[in-house]
Amino acid sequence: MHISLDGFVAGPNGEMDWIKVDEEIFDHVGKRIGEGDTALYGRVTYQMMENYWPAAGNEPDASKHDIEHSKWYNKVHKVVLSKIMKDADLTNTTIISDNLPDRINEIKQQAGKEILLFGSPTATHSLIQQNLIDGYWLFVNPIILGRGIPLFVDIKDKIKLKLLTTRQFTCGVTELNYTVDKQ
Amino acid sequence: MRNVVYVMNISIDGNCDHTNFTPQEEIYEYFTNLFQDVDLIVDGRKSYQLMFPYWSDVAKNQSGTKGANEFAEAITRIDKIVISNTLHSVQGNARIVRESPGDVIRKLKQQPGKKISVGGVSLRSQLMELGLIDEFHFIIHPVIAGEGKRMLEGINLPGKLNLTLVDAKAFKSGCVALHYTDKS
């Protein structure tokens, strides 16, 4: 998740123009994403992804990142949290519309690699509340927005984390990679 | 011009209530090093009352851990200004001023000296709104703390504040110190 220093993932109207990403970050992120076999999205983020990634690699001015991520996106199994979408026409995609803990735990129990949750602040809020998130992979941007959509909302009990790695990027972003301390 | 430095412990979710955080030797050491470049601390009333009777006692009695004692000595030694309209008396090397934070800080910046550290959530937020903070140190603790005082509560930033990352330092405890400057 790309976040501001004051913990926002987007501006008040979903603006993401302040998020710094460049080749250095794409390469680093691509390595871990490439190893995941399942991508999790809320409906709004999923629709944004569907509008861009399936064909992004085929455009004449496609960047290296466009080509690589588009290929990955078309291959990865997608899980979408939505009460209103139906999965009849979608390839390689599962919709979860209710019973979140059981459905997510079912997927977690299956053999497979990491399930990566991208963007999706509303879905993230639900998953955090149900204790279904095991780690936070944060890219802290060197900016204070003042207002916007927060990553964390309505947290009832403190959640302790374990820092795994950090990394500084030339553009001023800092990667903070945590797991949830389940003790 | 002297630089104004803002040092703050926060949780991942931007909660700055200090009771959420466990004090640690490596963090005390980081702060003590920071304060070597500071020769004036400016506080609001609440922050002064929270910090200084407590830390002066620790310095006097050497009642903390080695790191805590050194931190206590470092900050007790530094001159202090408390901005307050209601406080009547202060101790030691502190003095009270009854002007607006913006005026106080602008005057102080013009004087020769080392860095000025500003304390107190409310004071820091007001100074940020006025664009008077030059340097930020955020110590991010590995906890999502939930309810509690937030970094920018009740303050209207005029616009986004773009910062320049100077250094990111990870500690054994899982804390990360992020050091930024405001070049605008």
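Mentor: The dialogue below takes up the core, the chain contact, a sheet and a helix. This is a predicted model, in which local features need pLDDT of at least 70 and side-chain atom pairs count only at pLDDT 80 or more, while totals for chains, interfaces and linings use all residues. Residues are numbered from 1 along each chain as its sequence is written, with chains lettered from A and ligands numbered from 1 in the order in which they are written.

Trainee: Which residues have the most contacts inside the largest nonpolar core?

Mentor: In soluble globular proteins, nonpolar side chains tend to be buried together. A nonpolar core is a set of buried Ala, Val, Leu, Ile, Met, Phe, Trp, Tyr and Cys residues joined through C-beta atoms within 7 Å; buried means that 20 or more other C-beta atoms, placed from the backbone, lie within 10 Å of the residue's own. Here the largest core has 73 residues, and those with the most contacts inside it are A:V140, B:V4, B:V42, B:L127, B:I140, B:V176 and B:L178. Beyond its neighbours within four places in sequence, B:L178 is in contact (C-beta atoms, placed from the backbone, within 7 Å) with A:V140, A:T174, B:F138, B:I140 and B:A168. A second, separate core of eleven residues includes A:Y46 and A:I96.

Trainee: How many residues does each chain give to the contact?

Mentor: Chain B gives 25 residues and chain A gives 26. On the side of chain B that touches chain A, β9(B) gives the most, with four residues; strands are DSSP runs (E, at least two residues), numbered from the N terminus.

Trainee: In what order do the five strands of the open sheet stand?

Mentor: Two strands pair if DSSP finds at least two bridges between them. The order is β1(A)-β7(A)-β11(A)-β10(A)-β7(B), with mixed pairing. β1 of chain A and β7 of chain B stand at the edges with a single partner strand each, so one side of each is left without a neighbour in the sheet. Six bridges join the antiparallel strands β7 and β11 of chain A, where A:Y136 stands opposite A:Y178. Two bridges join β10 of chain A to β7(B), also antiparallel, and A:K160 has B:V143 as its bridge partner.

Trainee: Is helix α5 of chain B mostly covered or mostly open?

Mentor: Helices are DSSP runs too (H or I, at least four residues). Helix α5(B), residues 121-129, is mostly covered, with seven of its nine residues buried. Among them are B:L123, B:R124 and B:L127. Just after α5(B), B:G131 takes a positive phi of about 70°.

Key: Buried ≥ 20, exposed ≤ 12 C-beta atoms within 10 Å, placed from the backbone. Contact = placed C-beta atoms within 7 Å.
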